[in-house]
Structure formats: C-alpha cells, structure tokens
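Here is a briefing on one protein chain. Have the sequence and the 3D view open as you read.

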Amino acid sequence: IPNELGPYWVKMVSNIDLYEEITPKNIVRVHMFDALTRGIEPYYYEYYGSKDKSIEVGKILAKFDELDKKGFFTMAANDGLEKNETISLVIQRYFIKVEGENAPMNIAPGFKLGMNVKHMTHFSTTRDAVIFPEKMIDVVRTKITGEIEGMLLEDVLLTAGMRWEEGASFLAVSTDGTSYALDYETMLKCSIIDDGDYVSLHDGEKILTNDLLRIDMK
C-alpha cells in the first residue's frame with residue numbers, strides 16, 4: 001500500500017473485513033482535551049515499566065451529544081500519521097496515555113506496541129474532534145500575542161477536520177458555561193494559547209476566555 005510504513009504492516013493476515021457503510025466526517029465541535037476530560041478518573045497504564053496517566057476513550061465518547069458507531073475514530077500524530085479504528089473497538093478498554101514517553105498516545109491491551117499513534121495532535125469521531133494543544137502547535141501556523149506564541153484558531157479548526165462555507169459563524173464555550181459568539185471575520189483573528197494548565201482564547205489582544213472548553217460551528 002503506498003506510503004504505508006513498515007511497523008504498520010499486518011503480517012500473516014487471516015481475514016480482511018470490508019465495511020458496507022462508513023459515515024463521513026462532519027466535524028461541528030472541537031474540544032480541548034484537558035478541559036473536556038478534567039472530571040474523568042485517570043487510569044495509570046504501564047508502558048515500558050512506567051505507569052503513566054491515561055484516560056479511557058469510552059469515558060470521553062460518553063461526553064459527546066452524538067456518537068455514530070458507523071463512523072471511524074481517527075487519530076493523527078504530529079508527524080502526519082493518521083490511523084482509523086472502529087468505534088466498537090475503542091469504546092471499551094482503549095486509552096489515551098497523556099503522560100510519559102511518546103504521549104499523547106493511544107494504548108490498549110488488544111494491540112502490540114508499535115501500532116501506537118505517538119505525539120497525537122488530535123482525534124475525532126464523525127461530529128466531534130478533540131485536540132492536544134501542546135502537540136497541535138507543531139503543525140499549525142502561530143502568531144505572537146503579547147510575548148506568547150499562540151495558534152491561529154482557523155488553522156486549529158481546519159487541522160482538526162472542521163469545514164465551513166465563507167461567512168459561517170462559531171461559538172466559543174468556556175468550562176464555566178459562558179459562550180462567546182464569533183462571526184467569520186472574528187474567528188480569523190482569534191488565536192489559542194496553551195500555558196500548560198489552561199487554554200485561553202484571544203481576539204487580538206483581548207482575552208475571551210482563560211479556560212476554553214470547545215469551539216462549535218453554528
């Protein structure tokens with residue numbers, strides 16, 4: 001298969017499954033991982049002798065308003081690698097390791113090491129995407145706000161899979177439930193800054209929220 005890397009070959013194939021229908025992606029919400037998962041009890045997954053903080057994917061998916069099991073759970077790394085899994089596979093005993101070597105990284109008892117997506121920038125279902133700002137900054141355009149480097153919101157949304165027509169409007173939602181309407185021109189001016197604990201959303205020099213939860217397309 002063109003562009004496939006050696007570690008992702010499937011050797012000694014016993015069967016190949018064909019899907020009659022895969023729901024196409026239509027991303028309408030982009031979430032910040034830490035804010036989204038803050039209330040989820042972590043699991044400490046052992047990886048090469050180190051027990052690292054991990055979040056069960058099924059508990060993340062339970063937070064979404066919609067979950068189409070005919071769609072793919074897609075993961076992307078900062079080196080360009082993308083991997084698709086079925087929702088039925090990741091909904092139980094499948095984790096995102098968020099600490100330690102190669103984090104963020106998918107990990108599960110059901111597959112061998114070497115099949116992981118390391119340094120993950122984001123993952124998505126059919127309607128929702130979740131980003132890791134500390135890795136997303138590696139693959140999007142940035143600008144300096146004050147003295148801090150921020151990510152262009154437009155690039156973050158596009159990289160996460162959101163698509164829109166010119167003139168679309170958006171809604172920024174903070175963890176306290178406060179929302180901020182963003183018209184198309186405002187969205188183009190906005191940037192995201194990750195300070196390691198919280199993600200803030202900026203409209204130029206103006207801070208809209210210090211604890212961004214997600215961006216919705218209206």
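Is Y48 buried or exposed? Y48 is exposed, because its relative accessibility is 63%. Buried means under 20% relative accessible area, exposed means over 50%, and partly exposed lies in between, with a 1.4 Å probe and protein chains only. This is a predicted model, in which local features need pLDDT of at least 70 and side-chain atom pairs count only at pLDDT 80 or more, while totals for chains, interfaces and linings use all residues. Residues are numbered from 1 along each chain as its sequence is written, and side-chain values use heavy atoms, with hydrogens and water left out.

**Aromatic pairs**

- The structure holds 11 aromatic pairs. Rings of Phe, Tyr and Trp (its six-membered ring) pair if their centres lie within 6.5 Å; planes under 30 degrees apart count as stacked, over 60 as edge-to-face and the rest as tilted.
- One of the pairs is Y47 with Y48. Their ring centres are 4.8 Å apart and their planes stand at 80°, so this pair is edge-to-face.
- Y48 is exposed, whereas Y47 is buried at 5% relative accessibility.
- F73 and Y94 also pair edge-to-face, at 6.5 Å centre to centre and 75° between the planes.
- F73 lies in strand β4 (residues 72-77) and Y94 in the loop between α3 (87-90) and β6 (95-97), so the pair ties together parts that are 21 residues apart in sequence. Helices (H or I, at least four residues) and strands (E, at least two) are DSSP runs, numbered from the N terminus.
- F73 is buried, with a relative accessible area of 0%. Y94 is buried too, at 1%.
- Ring pairs link F33, F73, Y94, F123 and F132 into a cluster.

**D52 and its surroundings**

- D52 sits in strand β3 (residues 50-56). D52 is buried, because its relative accessible area is 5%.
- Which residues does D52 touch, leaving aside those up to four places away in sequence? They are Y43, Y44, Y45, Y47, K97, E99, G100 and E101. Contact means heavy atoms within 4.5 Å.
- D52 and E101 are 49 residues apart in sequence. In space, they are 8.7 Å apart, C-alpha to C-alpha.

**Salt bridges**

- Side chains of opposite charge can pair when their charged atoms come close.
- How many salt bridges does a search of the whole structure find? The search finds 11. A salt bridge is a side-chain nitrogen of Lys or Arg within 4 Å of a carboxyl oxygen of Asp or Glu.
- K97 and D52 form a salt bridge (3.1 Å, N to O). K97 lies in strand β6 and D52 in strand β3, so the pair ties together parts that are 45 residues apart in sequence. Both K97 and D52 are buried.
- K70 and E21 meet in a salt bridge at 3.6 Å, N to O. K70 is in the loop between α2 (57-61) and β4, and E21 is in the segment before β1, 49 residues apart.
- K70 is partly exposed at 48%, and E21 is partly exposed at 49%.
- D203 and K189 form a salt bridge, with their closest N and O atoms 4.0 Å apart. D203 is in strand β15 (residues 199-203) and K189 in helix α6 (residues 184-189), 14 residues apart.
- K189 is partly exposed, at 45% relative accessibility.
- Salt bridges that share partners join R29, E66, R127 and D128 into one network.

- T209 lies in strand β16 (residues 206-209). T209 is buried, at 7% relative accessibility.
- The T209 side chain reaches the backbone nitrogen of D211 at 3.1 Å.
- Not counting residues up to four places away in sequence, T209 touches S174, Y180, V199, S200 and L201.
- In helix α5 (residues 153-160), the buried residues include L153, V156 and L157. Just after α5, G161 takes a positive phi of about 110°.

Conventions
A polar contact is a pair of N or O atoms within 3.5 Å; within protein, one must be able to donate a hydrogen and the other to accept it, and residues adjacent in sequence count only if both atoms are side-chain atoms.
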